[in-house]
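Subject: Predicted two-chain model, with notes

Dear colleague,

I am passing on the model we spoke about, together with my notes on it. Please look through the structure before you read on.

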Amino acid sequence: MASHEDTGHFHYHEPGLQHQFEDMGQQEESVSIGMWMFLVQEIMFFGGLFSAYLVFRWKFPMAFAAGSNHLDAFWGGLNTLVLIVSSLTMALTVFFAQKNRRNMQVIMILLTMVFGATFLAVKVIEYTDKYNHGLVPVTGWNKKTPPGVEEHKPTAPCWEHTEHVYVNPKGEFQFKDCSLAKMAEEEGILTESEKVGYYNPSTGQIDADKFRDKVRIFYYLYFVMTGLHALHMIVGLGLMSWLLFAAWRGDFSFQYYAPVEMSGLYWHFVDIVWIFLFPLLYLLGRHFMH
Amino acid sequence: MGLDHDEQHIKIPGYLLVFAVLVVGTILTYFAAQIDLDWIFPGANTLLALVIAFTKMTCVMLFFMHVYWSPKMIWLSAVASFFWLGIMFAYTMQDYFTRTIGVFTP
């Protein structure tokens, strides 16, 4: 309560004003700056992963393109649209809070939650698909086939790989097709560090296992980056549940809607991360597929 | 932001317009990735994808996150975060770019 006016009379202050602030303007500015400081740290947090991506993609572009081509760009694109719609409904939640429209706020928060949950559901579909195809980069975390059925050694080189029977008794990471590296080799665009990374030193040919291990790096980054992003979505859904309750109770008005606005900033930030993840993970090798 | 709580910076048509830009950007980035642009220069596809992503991000930050109407301090935070990110990328890559000197090149 601002009490530096010694009038002794009733001093009006707005219902949402905390006692340590002079007025609503100062309060809102402080709250936003605090939230932005948090978001800046989040940018650096994801930035570490993006720089790991940058380093390894620069080192092994063809392995990254090959890994990316095994992600489903349809699901990735759909999820991008789902998140953009949820960002719109989130922005409208703030708008309706400023307009004192409780019911529309509640509806918009519910829609945001529905789209957020849709995003996570699509993610589950994608992760399941990776599990079923031996693309989880941790041994034992993929679908196992019954033991005893031995995989026969491929006779053709990995760039002529055509077999598509899934045999994986130990649940290992599997990636047998190195045709993209072969194509780059023939076109003369394989870099020196890629040659060191892919070639078998004794034969001077592309080695299936060495190439697979570089694709595995892509899948490590894919799972860590999208997994961290999905974790942020789950936290966001938690925030939304709390916001839904508070909005339904009628806590927010044109005078006090900071929690709505701040949760919105967080939600939009998570959307922005996906805006970058989508092209960098799903689309980077598409133009080689023809 | 600030003292003008009841003043609307942007109304529903404005939000829908930003939304439309984001959807168009997404569709564009999807189809642009299918076309081989390597004839311009190697990596042109990636550059185009990043340009679209940056445009989308700018739209979200300026209008959905209300940075456009925010105090200078918020502008500064937003810009500074990318500045620090740039430093991290630049110094990481200058290390990796120069590691092969003496290995593959004399």
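What follows is a description of the model, going from the whole to single residues.

This is a predicted model, in which local features need pLDDT of at least 70 and side-chain atom pairs count only at pLDDT 80 or more, whereas totals for chains, interfaces and linings use all residues. Residues are numbered from 1 along each chain as its sequence is written, and chains are lettered from A and ligands numbered from 1 in the order in which they are written.

**Confidence**

The predictor gives the complex an ipTM of 0.90 and a pTM of 0.91. Two residues are in contact if their C-beta atoms, placed from the backbone, lie within 7 Å.

**Chain A as a whole**

Chain A has eight helices and two strands, which follow one another along the sequence as α-α-α-α-α-α-β-β-α-α; helices (H or I, at least four residues) and strands (E, at least two) are DSSP runs, numbered from the N terminus. The radius of gyration of chain A is 26 Å, well over the 19 Å that the globule rule gives for 290 residues, so chain A is more spread out than a compact globule. That radius is taken over C-alpha atoms, and the globule rule is 2.2 Å times the number of residues to the power 0.38. Along its principal axes, the C-alpha trace of chain A spans about 95 × 40 × 35 Å.

Of the 290 residues of chain A, 39% count as buried. A residue is buried if 20 or more other C-beta atoms lie within 10 Å of its own, exposed if 12 or fewer, and partly exposed in between, with C-beta atoms placed from the backbone. Among the contacts in chain A with a separation of 6 or more, 73% are between residues 24 or more positions apart.

**The interior of chain A**

Helix α2 (residues 61-69) of chain A is mostly covered, since eight of its nine residues are buried. These buried residues pack against α1 (24-59), α5 (179-187), α6 (192-198), α7 and α8 (258-282) of chain A. One of the buried residues of α2(A) is A:M62, and, leaving aside neighbours within four places in sequence, A:M62 is in contact with A:L180, A:A181, A:A184, A:L190 and A:E194.

In α5(A), the residues A:L180, A:A181, A:K182 and A:A184 are buried, and what covers them includes α2, α6, β2 (205-206) and α7 of chain A. A:M62 and A:A181 touch the most other members of the largest nonpolar core, which has 89 residues. A nonpolar core is a set of buried Ala, Val, Leu, Ile, Met, Phe, Trp, Tyr and Cys residues joined through C-beta atoms within 7 Å. The largest share of this core, 17 residues, comes from α8(A).

A:M233, which lies in helix α7 (residues 208-249) of chain A, is buried, with 21 other C-beta atoms within 10 Å. Leaving aside neighbours within four places in sequence, A:M233 is in contact with A:G116, A:F119, A:L120 and A:V270.

**Where the chains meet**

Here 47 residues of chain B are in contact with 43 residues of chain A. The elements that give two or more residues to the side of chain B that touches chain A are α1 (12-32), α2 (44-64) and α3 (72-99) of chain B, and α3(B) gives the most, with 13 residues. The residues of that side divide into 30 nonpolar, 13 polar and four charged, where Ala, Val, Leu, Ile, Met, Phe, Trp, Tyr, Cys and Pro count as nonpolar, Asp, Glu, Lys and Arg as charged, and the others, Gly among them, as polar.

**Two loop residues to check**

Most residues other than glycine have a negative phi. A:N100, in the loop between α3 (73-98) and α4 (102-132) of chain A, has a positive phi of about 65 degrees although it is not a glycine, and counts as partly exposed, with 15 C-beta neighbours inside 10 Å. B:H66, in the loop between α2 and α3 of chain B, has a positive phi of about 60 degrees and is not a glycine either; B:H66 is buried, with 20 other C-beta atoms within 10 Å.

With best wishes
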